[in-house]
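Please have the sequence and the model at hand while reading.

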Amino acid sequence: DGFTCCAGSLGTCTTSCGSTGSRTCGASCGWGACNAPAEDCVNGSDDDCDTDVDCGDADCSSHPSCAVGCTACPGSTTVAPPGGIYTVSLGAGTTGGSCGGAGGSEAYLSLSLTSASDVFITTHTAGVDTVVYVRSCSCAGPEVACNDNADGYTTSMLQRSLPAGDYQIFVDSKAPMSASIDVHVYATAPGMASDRCGFPTLVPAGSGLLSGTTCGYTSDYQPVAQGDCTASSGDELERVYYFVVPASRTVRFNGCPGPGQYDQTAYIRSACTDGTLARQMACNDDGASCSGSPAFCNTGRYNSDVSATLGPGVYFFMADGYLGGNPACGCGAFDYTLTGI
C-alpha cells in the first residue's frame, strides 16, 4: 500500500560512519532516523559516529581494555607519520596472526594516527620469509589486517585505510631466528591508489611499460636538485609507484617515446616520504636523451628519462610534472618504457 514499514516495528540501518544502527517505524508507517550504536571499544572503528575510535572515545573510559590506555608492545619501534624505513630486530615471540607467524621470531612497531590515513607496510627488503599483521590499540587488541606472501615474494605487504587510533604492527618470521630487517611503513592522508606514499601502486616484476596520467591527482612531493632537476622541477601533480629489486641492477624509466602531453619530471627514491638527496637515487627533468620530444608548452625537452643502478630493496618511482608558469604543462598522460624491473 505504499508504506515502507509497520508502525512500531524496529529495523537495522547503516549510519553515516558505516556502522550498523537501529531505527523505529513511526506512526505514519515510515522509518525514523538511523540511531548509531554504542561504541565497540576494541574493533578499530568509529561505531557511534562521534569521530573518536575505541580507547580514544570518552564512552570507552571505563572499558577494561582502555583502563590504562592503548599501550605499545614491549620494545616496539615508534613510527612517526608520514613514516619511513625502520630497522627492527627479530626476537623471541609467542604470538601469530590469522595468516601465520605462530612460533616464529617477531618484532613490533607502534603507530598512532591522529586522523584517518592510508597505511602502507612492506618487508620486501627483509631477505627473510615474513608475516606481517596489525592489531588495534595494544598487543592483545583485535587484528585489523594480516599478510603472509605478497607481490610474488615470500615477504609481506599490507595496504589499508585505517581510522584514527593506536596500532601495533607485528613483523613475524616462520621459524625462530635472530635477524635485523628493514620495514617500510608510511601513513599519509587518504587518497586514490598511487596518489601518496600510503597507497602506492606496484610495478610488477617483468613490467615493460608504465602508462597513466597525472591529471586528477595531488601534488605532495618534490625532488631535490640533482642532475637535470632543480628544487622546483616537480612542483605539479604526481603518481607514486613502488617496485622491488631482488638483486643489484640498473633500472630505467624512459618517457622519451611517450605521448608528450605535459612537462614531465621523474625521480626514484629508496624511502617514499624522504625527500632528501640521501634517499633520492636519480632525477630527470627534460634530459638530453629526450631531445626528440615534441614542443608543446614551454621551450626545450619535455619528457623525462631516469635511470639508476640499485641494490636489492624496495624503491619508489614518482611520475611528476613541472608547471613552469604555463598551466598547459602541469599534468597529462605518460608512457614510461621500463628496463631492469
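In which sense do strand β1 and β2 pair, and over how many bridges? In this predicted model, strand β1, formed by residues 10-14, pairs with β2 in the antiparallel sense, and the pairing runs over five bridges.

**Hairpin of β1 and β2**
- Thr12 has Ser22, in β2, as its bridge partner.
- Five residues lie between the strands of this hairpin.
- Gly18, in the hairpin, takes a positive phi near 90°.

**Cis peptide bond**
- The bond that joins Pro81 to Pro82 is a cis peptide bond, and its omega is near 10°.
- Pro82 belongs to the loop between β3 (77-79) and β4 (83-90).

**Positive phi in residues other than glycine**
- Cys29 is not a glycine, yet its phi is positive, at about 60°.
- The loop that holds Cys29 runs between β2 (20-24) and β3.
- Asp151, likewise a residue other than glycine, has a positive phi near 60°.
- Asp151 is placed in the loop between β8 (143-147) and β9 (157-162).
- Is Asp151 buried, partly exposed or exposed? Its relative accessible area is 28%, and since buried means under 20% and exposed means over 50%, Asp151 counts as partly exposed.

Key
Residues are numbered from 1 along each chain as its sequence is written. This is a predicted model: local features need pLDDT of at least 70, side-chain atom pairs count only at pLDDT 80 or more; totals for chains, interfaces and linings use all residues. Side-chain values use heavy atoms; hydrogens and water are left out. Helices (H or I, at least four residues) and strands (E, at least two) are DSSP runs, numbered from the N terminus. Buried means under 20% relative accessible area, exposed over 50%, partly exposed in between (1.4 Å probe, protein chains only). Two strands pair if DSSP finds at least two bridges between them.
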